[in-house]
Amino acid sequence: MRRILVLIPLLALVGCKKDESPGAVKVTVNYSGFLPGCVLVKARDEGSGKELATPVPGKGDRTGGSLVAAVIAPSGWGSSVRVEAQAHEQGCDAGSPVVSSTSLVTLTPGESVPVTLSLQARDLDGDGFVDVLSGGTDCNDASAAVHPGAEERCNDVDDNCNGQSDEVELRLGQSCTEGENCPGTRACGVDGSVVCNAPDAVYAYPDQDQDGRGDMNATPRAFCTGIEPGYVPGPADDCDDTNASIRPGAQELCNGVDDNCDGNIDETFPQLGDACEAAGQCPGVQVCDPSGIATMCEATVSPSDWYVDADGDGVGSGSATQSCVSPGATYVNLGNDCNDGNPFTHPGAEEICDGLDNDCDGNPEGPEVCPSGGPTFVARTVGATDQQWRSIFTQTPGDVTAVGSSGNKAVLVPGSSTFDTSASGCSSGSGGNWNAVWADMENGGRGYFGSSGGRLSILDRSENACTEMVTMSRATQGLVGFRHEGTLEIHGVTSNNPPTINQGATFIWNGGSGTGALTFGTTDVGPLYDIHGRSRATLFAVGGYETGSTRPRIYRFNIGSGQWQSLGVQDSISGLGRLRGVWVVNDTLAFAVGEFASGANSVVRWNGVTWSRMAFPTTHNETLTSVVAFGASSVYVTAEGGRVYRYDGQQWQIIFEDNDRHFHDIAGTSPADLWIAADGGQIFHWPQ
């Protein structure tokens, strides 16, 4: 046991000198079974009751220890002094002593009287607190964890020895909140701590579109008693919570949106943005189509409006076709043609003297355009009054060549108002008439004549004389010329082919000299009365009859074989009479006319594939002799009975009538420049 000497400065407290003191006491304090936190050593004068005290920290170990203190009595004290030692568990100023010991001492001046005080208590667990059974405050001296001031644990033990149960002191069963303020009750935890017995918070994310995926951009919300509607616990990977079709695992559509929330847009459509050809052959780029499951080519250039221009006047009609390139040779960019079958009629056209609305303003030409009295055919007497003009040709306004009976011919040149009939050497053969004429306007208007007497002649205007080129035993009924591979070809047809009965012939006359310039076709044809075409590709000959029959014939030149082939109209079109005239407008449009048969007048039309019959007035049983056309809606037909019919695309109507004349042929450069070859020495002109 360690002993510690402690001098209690009593003299200092009272201010006495040592030699004035009535005596001193040497106090030895022994303590066992515990280690006091503080020992309060006290001295009291028995006579006066005066008392002095000083605290001394406990020294030693948990089993005990001792200390020594010197008590020097102050001056004025008597010789009888009571000395006391009080042991405290903690500080000397905290609580009552757990054990004390006292002794009455008689002082002897000049001497130190020894005294020993013993303090015994029990602190078996060494926690610094004495067992309550030995005067201390430790309510369970068997556990160092139980003593005053200890942490109260939730274990049904009074750990701090305050006499309160866990339920009271730890407020067990009372309300509390845990985590995200989830409500619960206070209860004991497994380690003796107090816990808030509350449900764990569940974190959930907004699911506004109710697709089962949380909004990846939202802050989660804590729920203590179940997740509210509109929230899901996860996963929080919805990149657009306003659209249920946009979520992880969704089908990636072509729509400029990240449908499957993988961070990519339209990744299953790598062709987006590729160059392509859009409708109407327009340059374009691949874009999403409205379905969202494929791409389509969207034009990057606006297409133009194209209209079918059936008459070739540069203005079309009908509904527009939209395209970046022309759909075909017959398409133009301008529309609103009020008559797309007449090349002289379209918006902006010049009004001509034809009795029609050429500029599409709703009104025909005014009196300033036509001669006084309005447009009509005006007769000119050319030659003798018994002269019969049988064929007429014009290709340039004011330039006209006509031929007829008894070898007569007439030429009108631009700037002149009089036909010249003075050319020499133009005999049509014995008893023959000039039946056909064609003029080469690329060669000064050189005329080519064919007669019923079997003669082919050329009229050179510069010489004002005809040159006989070929004599044959066949009656020429029609001529037409065009250049093929740079060489002028004159194609002709005849109404007979001796000695064969009821046959005609076809020939090519190259316009050279001698009989070697003529080549006859080798295929059999019926009697033919007219021929017309723009090239070998669309060249027709018409006529036809058999013994006791008026059945028609139409033949087409075959550019492959160089021969003619029948188109079989005599079988495909019933009730059609012999055909007397044909006119080709272009490769897809031609007209043919002929004789009355089976109660109907004979008018047919070619559409580029087949010939078909056109409805025609039956007021008169006509022999239709000739036709000229400028388009599908601008057709003029002459009748032997002295009538002129015009078709305007809607109906046929008689525009001129002279019952005293027979009309044999019609030609013209426009609807305002028409010429008719008639008998009685008459040539009629529709004035411009």
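Student: In this predicted model, does aspartate 399 count as buried or exposed, and at what relative accessibility?

Tutor: The model is predicted, and the value is computed from it. Burial requires a relative accessible area under 20%. Aspartate 399 falls in the buried class, with a relative accessibility of 7%.

Student: With which residue does the side chain of aspartate 399 meet in a salt bridge?

Tutor: The criterion is a side-chain nitrogen of Lys or Arg within 4 Å of a carboxyl oxygen of Asp or Glu. For aspartate 399 the N to O distance is 2.6 Å, and the partner is arginine 461.

Student: How many residues apart are aspartate 399 and arginine 461, and where does each lie?

Tutor: Aspartate 399 belongs to strand β23 (residues 399-404). Arginine 461 sits in the loop between β27 (455-460) and β28 (465-471). The pair therefore links distant parts of the chain, with arginine 461 partly exposed at 22% relative accessibility. The separation between the two is 62 residues.

Student: Which parts of the chain does the salt bridge between glutamate 489 and arginine 536 tie together?

Tutor: The side chains of glutamate 489 and arginine 536 meet at 2.7 Å, N to O, and both residues are buried. They are 47 residues apart in sequence, so the pair ties together strand β30 (residues 487-494) and the loop between β33 (528-535) and β34 (538-543).

Student: Is lysine 42 buried or exposed?

Tutor: Lysine 42 forms a salt bridge with glutamate 51 at 3.4 Å, N to O. Glutamate 51 is partly exposed at 38% relative accessibility. Lysine 42 has a relative accessible area of 16%, so it is classed as buried.

Student: Which glutamate is in contact with tryptophan 509, leaving aside neighbours within four places in sequence?

Tutor: The contacts of tryptophan 509 include Tyr448, Phe449, Leu456, Ile458 and Met469. Also among them is a residue that forms a salt bridge with arginine 536.

Terms used:
Residues are numbered from 1 along each chain as its sequence is written. This is a predicted model: local features need pLDDT of at least 70, side-chain atom pairs count only at pLDDT 80 or more; totals for chains, interfaces and linings use all residues. Side-chain values use heavy atoms; hydrogens and water are left out. Contact means heavy atoms within 4.5 Å. Buried means under 20% relative accessible area, exposed over 50%, partly exposed in between (1.4 Å probe, protein chains only). Helices (H or I, at least four residues) and strands (E, at least two) are DSSP runs, numbered from the N terminus.
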